[in-house]
Amino acid sequence: MPRPDAGLVVRVAVAAAVVAALPWIVPSFLVFDLIYVGAYAIAILGLVILTGMNGQISLGHGAFMALGGYVVAILAHSLGWPYWAGVLLAAVASGLAGLFIGLVALRLAGVYLALATFSLAVATPSFLKHYKSITGGFGGMSLAPVQAPPGVPLDGQHWLYYVTWAVAGALFLISALLVRGKFGRALRALRDNPIAAVSFGVNPYFYKTLAFGWSAVLAGISGGFLAIPTAFVSPDTFTSALSITLLIGAVLGGISTFWGALVGGIVIEFLPLVAQQVNAAAPSVVYGVALILVMMFLPDGIVGGVLRSIHRLRRAPPQPALDTPTPSSTTPITVSPQPRE
Amino acid sequence: MESLLQQVFSGIANGGIYACMALALVMIYQSTHHINFAQGEMAMFSTFVAWQLAQMGLPLWLAFLATVAISFGGGVLLERIVIRPVERANQLTVVIVSLGLFIAFNGLAGLFWGYIVKSFPTPFPTTPLQIGGVAFSAQDVGVIVVSVVTLGLISLFFQKTKLGLAMRAAALYPEQSRVLGIRVGWMLALGWGLAAAVGAISGIMIAPIVFLDPNMMQSVIVYAFAAAVLGGIESPIGAVVGGLVLGVVINLLGTYVDWIGNELRLAAALAIIVVVLVVRPAGLFGRVTVQRV
C-alpha cells in the first residue's frame, strides 16, 4: 500500500481546517446549507466510487437515500430511537438493499443500468406513498430538532454541522483506504477493460456488487443526514430529481476524484440558488443549460478542469480524461497504483 | 367480461401511446446507442406547443399537425446544436447532457406555461362507441387509430423510401455508409427529428388522459422504457409489441390486483424492466449479442 504523499496530507488538513472554521465565518443561515453540502457529499462520494471508478451509471441513488432517511425517521418518530442508532441501521439497511440491487446490476450493462435505476428513482415516491401505515404516506413524518448533548457549548445547528462533517470526513477516509489498494485497482480494471481484468483473476461479481453495496451504504447515511436537519421526511424529499441531481453533482464536481464529491456537494446545494440569481423566473433552464455547457467544455468536471489547468501551467502533459484508457490501463493488474489526486 | 374487454381495450390504447414513445427511444438508441432521457420532456414541451396553438385559435387537428412539424424541426436542431458536440464523448457525458435537456425543457415549460395542471382538449368525440354490444370510449379508439397510422407511416418510411434505407444504413454501418456518400451526421439528426415528432404525437394523445403539466410525461417515459426493454431496445417492432403488451398488462394489474392499484403501476413497470433485463436482456425481439467477459 502506498504511503499518502505529503501534498495530499496538507490538502486534507487545509480542507479539514476550512470545514472546522466555516460555521463561525459565514452568516448563520448558511450553516444550514453547509450541513446539506456535507450530506450530499457523502452520497456523491458513493457515486464517484461506483460510477467514476467502476463505470456503473446509477440514476437511482436517491432511492437508497430515501431508504436511509425513512429508516432514521421511522425509528425516531415511531419507536423513539436516538438518531445515531437510526443512522447506523440506515447504513445497514441501504447496504443490504445495495448489495441486492448490485447483484441485479451485474446483468445490466452500461446504459441499461442507467435506465433501470432511473426507473427506480421515478418509482420510489410511489412506494413511499403506497405503504402509508409505515411511512406516513403523502404527509410524511416530522422529527424532533437536534439538540447538542449536555455539556457541549454549541447550539443544535452547529452541533449537527460538526457531527455531519465528522461523519463525512470519516467516510471519506474509510473510502480512501478502501480504494487505495486491491479493491480500487480491481474496480478501475473492471471499468477500463473487463476482459483483461477477468483474465487476470479479478472476480467481477464480487467487486462490482461490493462497490454497489458500499455506495448504497454511503447514500443511506446521506439520506439520514438529509432527514435530520430538515426534521421532516416525505415522498417529496426523495423525488427522481434528487437521484438525477446526485449524478449531476458527481459529474459537475469531477467524477474521477474524491475531491469531486466535495465540490459536487457544494455545487448541487448552491447551483440552484445561483441559477435563481441569474434568472429568477426559470432557474432550472439556467441549470440545465449550464449542465450541457459544462459537459461540452469541461467534461472532467470542475476538479478535473482545475487539475488540467494546473498541469498546463506546470507544462506537464494534462491528466488523461476519465474514459480514455491510458496504455497502462490495459494491463491494470501489473501497474503500481496511481497516486490519487 | 364486458369490463375486462373494456380494460384490455383501453390498455391497448395506452399501449399505443407507450409504443410511440418507445419507438422514439428505439430510433435514437439504434443509431447512437444512447438513451435519450429527455425524450419524455421533449414530448411534454411539444404538447404544450400544441395546446398553445389551439389556444390561439387553430383547429385542433391543424395544431396537431403543426406541432408534429415543429417538433421534427426542433429535434433536428437539438441534435445539431447539443448532441453533435458530445457525439464521441463517453456514455456518461451523453447521459448527463440528455439530463440537462430534461431539466431545461421542464424548466422552460414551467417558465412559459406554469406548473398549474391544465386540461387538454381531446380531438375525439366524447360519446362512447357501441361495438357488438360493448361500449368502448371513442378516445381509446381514436388513440389506437392514430398510433397505428403513425407506426405504419414510420415503418413504411424506413422500409420503402431511399431516405429510410439510408438512415438504417447509417445506423447499422456508419463507416461503410460514409464511403457510399450517405451523410451519416444528418441521418442522425433526422432520427432525432423523427423521434421528437413521434414523441409529440404520443404526448398529444396522452394529454387528455393525464392532463397537461410539466411533469406529465415522467411516468409515461418509464412505461416507454419498460416497453422498449420488453420488446428489445434495438427493435422497432419490439417497441410496438412491447408497448401494447405493457399497456394491457399494466392496466389489468392496476385494475384487478388490489395491492398494486393505481400507485404501484410504476413499480410494476420497474419490475418488468428489471425482470426482462435480468432474464432476457435482448428483449422479445432483440438479437442476442455475445460478449466475451
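Select Ala231(A), found in the loop between helix H10 (204-230) and strand S2 (232-233) of chain A. Helices (H or I, at least four residues) and strands (E, at least two) are DSSP runs, numbered from the N terminus. Ala231(A) is not a glycine, although its phi is positive, about 60°. With 14 C-beta neighbours inside 10 Å, Ala231(A) counts as partly exposed. For this label, a residue is buried if 20 or more other C-beta atoms lie within 10 Å of its own, exposed if 12 or fewer, and partly exposed in between, with C-beta atoms placed from the backbone.

This is a predicted model, in which local features need pLDDT of at least 70 and side-chain atom pairs count only at pLDDT 80 or more, while totals for chains, interfaces and linings use all residues. Residues are numbered from 1 along each chain as its sequence is written, and chains are lettered from A and ligands numbered from 1 in the order in which they are written.

Next, move to Phe211(B), in the loop between helix H8 (184-210) and H9 of chain B. Here too phi is positive in a residue other than glycine, near 70°. Phe211(B) is exposed, with 12 other C-beta atoms within 10 Å.

Chain A has 14 helices and two strands. Its C-alpha trace spans about 55 × 45 × 45 Å along the principal axes. The radius of gyration of chain A is 20 Å, which agrees with the value near 20 Å that a compact globule of 341 residues would have. That radius is taken over C-alpha atoms, and the globule rule is 2.2 Å times the number of residues to the power 0.38. Of the 341 residues of chain A, 51% count as buried. Among contacts in chain A between residues at least 6 apart in sequence, 76% join residues at least 24 apart. Two residues are in contact if their C-beta atoms, placed from the backbone, lie within 7 Å.

Within chain A, pick Leu160(A), in helix H7 (residues 156-180). Leu160(A) counts as buried, with 23 C-beta neighbours inside 10 Å. Leaving aside neighbours within four places in sequence, Leu160(A) is in contact with Ile35(A), Val146(A), Ile228(A) and Pro229(A).

Now display both chains and look at where they touch. The contact takes 41 residues from chain B and 42 residues from chain A. On the side of chain B that touches chain A, helix H4 (91-113), H9 and helix H11 (265-279) each supply at least two residues. H4(B) gives the largest share of that side, 16 residues. By class, the side of chain B that touches chain A has 29 nonpolar, ten polar and two charged residues. Ala, Val, Leu, Ile, Met, Phe, Trp, Tyr, Cys and Pro count as nonpolar, Asp, Glu, Lys and Arg as charged, and the others, Gly among them, as polar.

Select Leu111(B), which is in helix H4 of chain B. Leu111(B) has 15 C-beta neighbours inside 10 Å and counts as partly exposed. Apart from neighbours within four places in sequence, Leu111(B) is in contact with Ala281(A), Ala282(A) and Val285(A). For scale, Leu111(B) and Leu151(B) are 40 residues apart in sequence and 33 Å apart in space, C-alpha to C-alpha.

Axes are lines fitted to C-alpha atoms, for helices over the stretch in contact, and angles run from 0 to 180 degrees between N-to-C directions. Angles under 35 degrees count as roughly parallel, over 145 as roughly antiparallel, 65 to 115 as roughly perpendicular and the rest as oblique. From H2(B), Glu41(B), Met42(B), Met44(B), Phe45(B) and Phe48(B) make the contact, and from H4(B), Phe102(B), Phe105(B), Asn106(B), Leu108(B), Ala109(B) and Trp113(B). By class, this contact has nine nonpolar, one polar and one charged residues.

Finish with helix H9 (residues 217-231) and helix H10 (residues 236-256) of chain B, which pack at an angle of about 125°, with their axes 7 Å apart. That makes H9(B) oblique to H10(B). Residues in the contact include Tyr223(B) and Leu230(B) of H9(B) and Gly242(B), Gly243(B) and Ile250(B) of H10(B). By class, the contact of H9(B) with H10(B) has ten nonpolar, four polar and no charged residues.
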